[in-house]
Amino acid sequence: MIDASTAGVLAALNERSREIFRRIVDSYLQTGEPVGSRHLSRLLPMALSPASVRNVMQDLEELGLVFAPHTSAGRLPTQMGLRFFVDALLEIGDIGDTERRRIEADLRAASKDRTLENALVEATSLLSGLTRGAGVVVTSKDNARLKHIEFVRLEPERALAILVAEDGSVENRVVLTPPGLPASALVEAGNYLNARIRGRTLTEARAEIEGERAAAQGELDQLTARLVEAGLAGWAGLGGQRQLIVRGQANLLDDLTALDDLERIRLLFADLETKTDVIDLLNRAETGEGVRIFIGAENKLFSLSGSSMVAAPFRDGQQRIVGVLGIIGPTRLNYARVVPMVDYTAQVISRLVRGPYGA
């Protein structure tokens, strides 16, 4: 949906201005280089002299849509210009039948062992290979439906909590235990949880146990109750424990044209190391319908690295959003191709979530 500011800019452009602006953006997305008025005058479907094109480019610059990186150079789109192009002028393409079949086949093959994580890892690798960007998936581990929990003592005040989900995935987490906790309390805590968690997510199990807190005091002594609280809170937390998968970062090193690109990639890699920022960005994508596009400094993660993300949510059988997948790449991503590819991959993952992995 086009907002009021975008609509205002669109109204200020006549057909000639829109065509010239589109050509500037198309050239940038293909080459990353500024384009000059003489070259543009040869590309346009209408007859315009280089001088006339320069006048239009000046108007576009005054609107904040393009800028000249050097004196007497051609023009590049600004971040505002890219956002305007994506919101108002981008013509989304479609992926071919061959790519659809490959995505469907590869993801289904990866999910045959009924482990959703395998399918998600395959999705990141697949998107990375098809788009030459870095594929990213985030999903909430507390959406997994649980089968079994066991506590194993490691040290006097530490234990290993083993969490087994119905899809076969296993998570091991070290939790702190209260001083003086007897070994029998670990067994008792596991039995207490296993009587209540089967088929439930961590969020659901935690809510139920919190509701039974008063009754639990009669079934467990104070130390065991503290272990239950510590173990479950450690997984669920506020908003859920997040799982992050990143594949194909090396693709971002392709097609470097200048030292500036190397610095941009260095900054992006540094940002990818701070997983919290990636997860925060993807969580924002969960709030919208369909594919979301984040460009450059519109968000904290890419404020310095000059990169973009195309992301789409995937859902369970109740249409609840259970994760987001996307592509990270330079701001000159081929949005027309990447958007439908991310969207279709999210659709396939949603079908797999509703199928072998349950609601």
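These legends describe close-up views of a predicted model.

**View 1. Helix α2 packs against helix α4.**
Helix α2 covers residues 15–31, and helix α4 covers residues 50–62. Their axes lie 10 Å apart, at an angle of about 85 degrees. That angle makes α2 roughly perpendicular to α4. From α2, the contact is made by Arg-16, Ser-17, Ile-20, Phe-21 and Ile-24. From α4, Val-53, Val-56, Met-57 and Leu-60 take part. Seven residues of this contact are nonpolar, one is polar and one is charged.

**View 2. Arg-22 and Glu-91 meet in a salt bridge.**
The N to O distance between the two side chains is 3.9 Å. Arg-22 is partly exposed, with a relative accessible area of 22%. Glu-91 is exposed, at 62% relative accessibility.

**View 3. Asp-87 pairs with Arg-83 within helix α5.**
The closest N and O atoms of this salt bridge are 3.0 Å apart. Asp-87 and Arg-83 are four residues apart, about one turn of the helix. Asp-87 is partly exposed, at 29% relative accessibility. Arg-83 has a relative accessibility of 18%, so it counts as buried, the cut-off being under 20%.

**View 4. Arg-351 forms a salt bridge with Glu-104.**
Here the closest N and O atoms are 2.7 Å apart. This pair also links distant parts of the chain: Arg-351 is in helix α14, Glu-104 is in helix α6, and they are 247 residues apart. Arg-351 is partly exposed, at 30% relative accessibility. Glu-104 is buried, with a relative accessible area of 18%. Salt bridges that share partners join Glu-104, Arg-108 and Arg-351 into one network. For the model, the count of salt bridges comes to nine.

**View 5. Thr-345 is buried in helix α14.**
Helix α14 spans residues 335–354. Thr-345 has a relative accessible area of 0%. Leaving aside neighbours within four places in sequence, Thr-345 is in contact with Ile-103, Leu-107, Ala-123, Leu-127 and Leu-325.

Note on methods
Residues numbered from 1 in each chain as written. Predicted model: local features only at pLDDT ≥ 70, side-chain atom pairs only at ≥ 80, totals over all residues. Heavy atoms only, no water. Helix = DSSP H or I, 4+ residues; strand = E, 2+ residues; numbered from the N terminus. Buried < 20%, exposed > 50% of the residue type's maximum accessible area, 1.4 Å probe, protein only. Contact = heavy atoms within 4.5 Å. Axes fitted to C-alpha atoms, helices over the stretch in contact; angles between N-to-C directions. Parallel < 35°, antiparallel > 145°, perpendicular 65-115°, else oblique. Nonpolar A, V, L, I, M, F, W, Y, C, P; charged D, E, K, R; others polar. Salt bridge = Lys/Arg side-chain N within 4 Å of Asp/Glu carboxyl O.
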